[in-house]
Amino acid sequence: MLQVKLIVTGDDFGYCPRRNQGIVDCFLAGAISNVSLLVNGSAAADAAKLARRHNIPIGLHANLSEGSPVCEVLKTNSSLLNQDGFFHGKMGFRTALSKGLLNMSEVKQELKAQVELFHELTGHLPFHMDGHQHVHVLPDIRHVFAEVLEEYGIKYTRVPIEPGLHNCDWIPPSLMDFYLGVEEDSFNTVDVFTKHGIRWPDIYIGLSTMGRNMSVSSVRSAIDSAVLQLRARAPPSSAGTIELMVHPGYPSVPPVGGCGEGPDDFSQSWERLHELQTLVKPELQTYYKSRNIQLCSFRDL
């Protein structure tokens with residue numbers, strides 16, 4: 001029987017104390033196995049302490065789109081900032097990039113500063129590094145991102161290409177357009193990451209099960225599709241890896257939280273708590289056992 005290793009990554013660790021608590025509760029319940037830290041998050045230092053206390057495997061969620069940079073020299077007069085002195089935002093960053101307004105040497109400076117701060121907070125380099133709001137697979141950014149990973153010897157990342165995404169008719173058209181853009185960018189990133197010796201799990205899932213779309217059945221269905229793909233690719237006696245991206249937490253309460261400009265709408269919504277409550281359901285643990293799925297982290301690969 002194919003041995004499936006499932007990395008369940010809780011993104012946005014460090015965003016606020018309530019997010020941190022929700023992620024830790026999820027980890028202690030055996031519902032997630034890995035976390036991704038926003039080092040410019042308002043509760044990043046607290047998150048690093050919690051990861052140490054509970055031995056939570058932790059990587060870096062590189063952030064170029066929300067809040068403030070961590071590199072001192074980029075906090076004023078940088079191409080990465082909008083007129084209010086914050087990063088350009090999820091879509092604003094993509095617009096600025098497409099217009100050629102972003103200085104790639106500043107992107108590299110900020111990514112390196114985030115790796116250094118991660119090391120300072122945790123005492124080690126990230127076991128993996130991906131991008132907040134999937135910025136790491138964008139044109140031009142992907143090359144700089146790959147160079148930084150290679151420079152620091154960070155071996156693992158995320159490539160958000162989700163099998164069966166096109167068939168998910170419950171995703172609103174505007175959001176699906178964004179996801180399909182992420183998918184296209186990801187396909188165009190594969191060769192770049194490969195050239196730099198960077199690896200990622202065999203299959204990624206998590207776009208179709210995010211927020212209100214998460215349920216025990218939607219998670220099971222996404223994993224079942226991923227396992228079918230793995231079986232088609234690999235000999236039966238081998239092992240395959242899947243990463244499930246999740247965003248559990250207790251909703252942020254303004255003004256606490258965020259990455260420098262307060263918490264966003266998604267972090268304040270019921271959807272974070274909904275993910276947490278779904279992930280800890282015993283039915284999911286039973287499902288993993290029945291499918292010979294073993295939860296693990298990037299640290300274990």
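This report covers a helix pair, the nonpolar cores and the aromatic pairs of a predicted model.

**Helix packing**

Helix α4 spans residues 104-122 and helix α5 spans residues 141-152; their axes lie 10 Å apart at an angle of about 40 degrees. The crossing of α4 with α5 is right-handed. On the α4 side the contact is made by Met104, Val107, Lys108, Leu111, Lys112, Val115 and Glu116, and on the α5 side by Ile141, Val144, Phe145, Glu147, Val148, Glu151 and Tyr152. Sorted by class, nine of these residues are nonpolar, five are charged and none is polar.

**Nonpolar cores**

The largest nonpolar core comprises 74 residues. Phe13, Ile32, Leu37, Leu111, Met129, Ile223 and Ile242 have the most contacts inside this core. Beyond its neighbours within four places in sequence, Ile242 touches Val4, Lys5, Leu6, Ile7, Pro201, Ile203, Ile205, Ile223, Ala226, Val227 and Leu230. Another core, of ten residues, lies apart from the largest one and includes Cys168, Ile171, Tyr204 and Met245.

**Aromatic pairs**

| Pair | Centre to centre | Angle between planes | Type |
|---|---|---|---|
| Phe178 and Tyr179 | 6.3 Å | 55 degrees | tilted |
| Phe193 and Trp200 | 6.3 Å | 65 degrees | edge-to-face |

Phe178 and Tyr179 are both buried. In the other pair, Phe193 counts as buried because its relative accessibility is 0%, whereas Trp200, at 23% relative accessibility, counts as partly exposed. Phe193 and Trp200 also belong to one aromatic cluster with Phe145, a residue of α5 that takes part in the contact with α4.

Key: Residues are numbered from 1 along each chain as its sequence is written. This is a predicted model: local features need pLDDT of at least 70, side-chain atom pairs count only at pLDDT 80 or more; totals for chains, interfaces and linings use all residues. Side-chain values use heavy atoms; hydrogens and water are left out. Axes are lines fitted to C-alpha atoms, for helices over the stretch in contact, and angles run from 0 to 180 degrees between N-to-C directions. Helices (H or I, at least four residues) and strands (E, at least two) are DSSP runs, numbered from the N terminus. A crossing is left-handed if the near helix is turned anticlockwise from the far one by less than a right angle, and right-handed if clockwise. Contact means heavy atoms within 4.5 Å. Ala, Val, Leu, Ile, Met, Phe, Trp, Tyr, Cys and Pro count as nonpolar, Asp, Glu, Lys and Arg as charged, and the others, Gly among them, as polar. A nonpolar core is a set of buried Ala, Val, Leu, Ile, Met, Phe, Trp, Tyr and Cys residues joined through side-chain atoms within 4.5 Å. Buried means under 20% relative accessible area, exposed over 50%, partly exposed in between (1.4 Å probe, protein chains only). Rings of Phe, Tyr and Trp (its six-membered ring) pair if their centres lie within 6.5 Å; planes under 30 degrees apart count as stacked, over 60 as edge-to-face and the rest as tilted.
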